[in-house]
Amino acid sequence: MPSSRPLAKGKITNTYINHFISSYPTVDWKADCTEDPSSSTTYNGVMDPMKSRVDPFNPEEQSGRQVATNYILNPSRLNEIRSEMLYPFYDQGGGGENIGDYQKHIKDNSPQITKDLDFLLPFFGFRYNYTWVSIHGFLAFSDGPTLSPTYPLTFPIVDYPKQSDPSFIGPFYSKCKIGELMANEMDPRRSGVYFRKETNLMERTDQFGVELRERLKWDIREGIVGSEWFEPRHAFIVTWKNVTFAGGTIYARKMTNTFQTVIATDNTRTYVIFNYKHIGWTAHTEAGGSSEDGTGGTPAFIGFNAGNGTRSFEYEQYSQTRNIRSILSNGYVNGFPGRHIFRVDEQIMPGQCIPEIDMAARKPMLTFAPESGNFLGGTIVNVTGPCFDLSQKLTCRFNTLRVPGAVIDRNRATCVMPQIYVTGYIDFYVEVDFSNDLYWRGKFLVETPFTAPELVTFPDNDQLQGEPQKLLINWNYKSLALDMNTAVSITLWGYRENTSTPEIVHLETFADGIPNTGEYTINPKDFHTRVKKMALNFEIGIVSVNITYPNDALGIPYEPIVWSRPIPLAWYLRPSWENMYGQSWAEKICENWISRDRLLNNFTSELPICPSMLEQAIADKGRFLPDQNCDKDGKVSNCYFHENAKHCVRSAMPTQSGAGQQCCYDMHGYLMMTMDDKWGGRPNRVHKDGSFPWNVASKVPSFSHYLHDIVPFLPCCMWADGQSQGCMTFRLERRASQNYVGYEPPAIATIFGDPHVYTFDGLLYTFNGRGEFVLVRSNTDRYKLDVQGRFEQIPDSLREVNATRLTTIAAKDSQSATVEVRMRPRDAQWRYKLDVIVNSHRIFFDRFPQKMQTFPGVTVYTPKAIRNQSHVIVMFESGAGIEVIENMGHMIAQVYLPMTYLNQTRGLFGNWSGTMDDDLVLPDGSIANADSSNNLDYIHNQFAIHWMVDERQTDEKGYSLFYHENGKTSSDYNDMLFQPVMTNDIRQIIPPNVTLKPEIVEDFCGDSWPCKYDYALTLNQEYGHWARYYQVQFVTLRNFRLRKIVTCEPLMTPIHGGKNTFKYTVGTTVAFECDPDFVLVGVRLLKCLASGEWAIPSFSDDGYPTNEAEWLIWNPAMETGCIEAGELAGNAAKESYKPVGIVLGFLLSIFNMWHIYTI
């Protein structure tokens, strides 16, 4: 952004933005300046809205906020208005009673009022369009906190919903009264509570709107890490001025506090600023405070409560402690002692340092952004946690790697992520002066080059060409610096695995000190003569862009770097390869790779078998997930390496040797195979996510996969003819698509509605227990799997409903991480429908790199098209999968198991044995009567209730896997005495005094028993609708998509020929043909029989030759091939045909016995 551009209307200059890009405070005001609204109340000869006592707007002229002349804010004015700690509040003007923002209706005997916000405010997972403003130092978003609490206060309320659990923001929650001004009070504004709301700030062009927007923006951007792109849209300011404590003597009324809360949101993120101007007292008398001066007792609560029994955040360093007065001298947000800032939309994240706390007694809060980075390194991580000093030495520790950091100010430090060969979440620590303590810690997500944001790209795919004329490089310049004049360098690096230790080596600097424009074009010919000899050992590489002079640009000693994904290097090395190998360089490189690959171990025998049909591949949630490079539901699905594919899937987890499976499907949903053409799916020697240990050759995420499985395809097939010797070897031997023969679809069980269960063997029953229960337990030497469900009582609507519903799933497989998927309260579903908790840590999937996340032994992902976290799939190493879906507050969970779990399962989902008779196995091994599955009382008391689980571990049931927050345990959910409705007669379920009639239910639900039961029980058609919907979806999935499909073995497409279809299902007739100048010999026509075998059709079928003589001419041989027409006659034909038959026979035997061939 050139700094010479004119000032924008209603905005600060680009030069000023560039000045702040490093996010380091540079405004030179004194933090302890005294604010006197009676002085300097003019600006440019008119009333200064940021300092005056007079409200700049009159209610009769509210439109003036939108139609005012365009106001231009310059940097010096922004510096001036930001030099005040308190945001403006007015006790004059504003029309009417001429009292500005002053809330006259808030009094000692009427302590709170309601305020409409006119926008939706995200707060702690919920969203509100109103607030209660209370004299007692809080803003509530539901019922206010109780006025007769016990001390110290504890939130959330564990007994919710028996007791109200309010949602509130509490800068100083204590019983307050309106105080009196001291004689020497410098701020003459009256005592009391002030409220001001400003909306649509992005569209505002009036002076006050522009100044408030820019002041908020830069106070927040500088005040808390991770807010560099924040643009405030709406804000409100609440000020408690000179409030005293309740219960004090008449002489204590001048013992007062003044503090302020500023809240700003962009409709997604919300930030809260607490400004503490003066603290004269700390506790009211009911909390044990002195009636003379408000000291002693239990001081005020400072923090946030989400409400509804969910989560809370107490600012422990000050709240309800003797240290509460030190809140005035700490914080230092924007340089102000007494200013503290938090991000509060989903989780509470503090933006200021935490001074001298008792580490053992309190959990330190480390805030850092970004929270993820490419394992290649170069990501600048901004950190807030301990209070820093410029003289201190800072160290950041990523897992076991330590890197030096730089202290920016008291609240912020920064360090650069090193290159680290791991993937997934790792421990992140901050150490001061080499303290080597582990107190300041968090979880940092290390992304692979394939999953990290693609910050360096090649929009024309020039990098994939063998001889491009140019190489156009784009990069996200904002990831380096907003200033497009900042000098950057572009570098090429090579990657190789010549030894067990992988290497990334510098090859070339393409540009040094060029402007940060985000685009640069390379002419490959300019570098062909400069290629170093050692570069010939590389076949793949990466391109980086970095700031050339980071000290000058950002004031830090290390450089931020953005990276491309792995790319081939033919565009760079082709002339050198030609000198070495001649014009057939591609063929030679392919031959070299084939020779190397043949020396490596077999990897295919462990791979899961590809399903024959796309619908099965999508439905197999335990073993396959979408391939991000060819995903029919993805934002971009170019399928570059699999032309004409509709969708590809990959195996979720690597095999023991680190390999991965890929299956691609054509537009008709049939498996594409390399025996037909080069575009089929291919098994991978290296899983794209790598495998542990990730720093060893052939195991590095993204790179090893690209080196062994992707880039060889280019010289062998993309830069050569598809039927060349190298390509034929690649697609028929080295990376041959695996046969679908032998694929077994998974078994599936489900739970939905109030709750209804289908076992793995298809038994349907209903169980309305309340508590935590075992759904699946497998506890054998080979596999250990636990899947549990929590059932909670259906919320009251018109009446109490004596039934439960599924609200949470928790699962663990052998040594894997524990994954919990929990339905959020309905009012908290505006952004995320489900919470996903892994090892007690909440994770989110709302940006692309985080759509798929890997943890020890388990992969968790949401489909690309899902943006609200309403659909979550959990995949374990054993091939077990769990799918959780939420719709309109109704949740379903489905468990998928491979054949290895046959006869090994217990729990509510039954013993999977192929028969329903032994489904209802109790923990002691006895079997309940499956014929009584329609008897709700029998199912409840004789079977299902016995699978209730708690924290006590037993061999039969395991232990509760659920993350119990806020001091809760399983006993807070488990209720053995809960008595649900035990009849299945809807005429008995529906009360006689309601308008709903059984006939209405019968007509709506048809033959769906779950629908009838849920509709009748709740009197709510929505419950019936979703029960029926989930039932239909499950039955369709089980009986059709996951049915065992009879197929015939694949038929290879003849070399120099083709076939009329790639189908292989029963009834398919395949006809072979040859290219021009080639003649077909062998079988011309085959038909797939119901037995799964190919056979020559009857000569009268389908209009083909009608007599035997014609048929013998049409179909002369049992082997099929295409030979050149000139070789058909005489012995030449026989000799030429013989090797064709041998080759085809050998290749077909490979595919028929895929599970034993070696590589």
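**Questions about a predicted chain**

Modeller: Strand E38 (residues 662-666) pairs with E39 in the antiparallel sense, over two bridges. This is a predicted model: local features need pLDDT of at least 70, side-chain atom pairs count only at pLDDT 80 or more, and totals for chains, interfaces and linings use all residues. Residues are numbered from 1 along each chain as its sequence is written, and side-chain values use heavy atoms, leaving out hydrogens and water.

Biologist: What makes E38 and E39 a pair?

Modeller: Strands (E, at least two residues) are DSSP runs, numbered from the N terminus, as are helices (H or I, at least four). Two strands pair if DSSP finds at least two bridges between them. E38 and E39 have two bridges, so they count as paired. Leu-671 in E39 is the bridge partner of Tyr-665.

Biologist: Why is strand E39 called an edge strand?

Modeller: The open sheet runs E36-E37-E38-E39, with antiparallel pairing. E36 (624-626) and E39 (671-672) are its edge strands, as each pairs on one side only.

Biologist: Why is helix H12 largely enclosed by the rest of the structure?

Modeller: Buried means under 20% relative accessible area, exposed over 50%, partly exposed in between (1.4 Å probe, protein chains only). Eight of the ten residues of H12 (725-734) are buried, so the helix is largely enclosed. Among them are Gly-726, Phe-730 and Arg-734.

Biologist: How do you know what confidence the predictor has in the chain?

Modeller: pLDDT is the predictor's confidence in each residue, from 0 to 100. The chain averages 88, and 89% of the residues score at least 70. Over residues 1114-1118 the pLDDT is below 50.

Conventions
Contact = heavy atoms within 4.5 Å.
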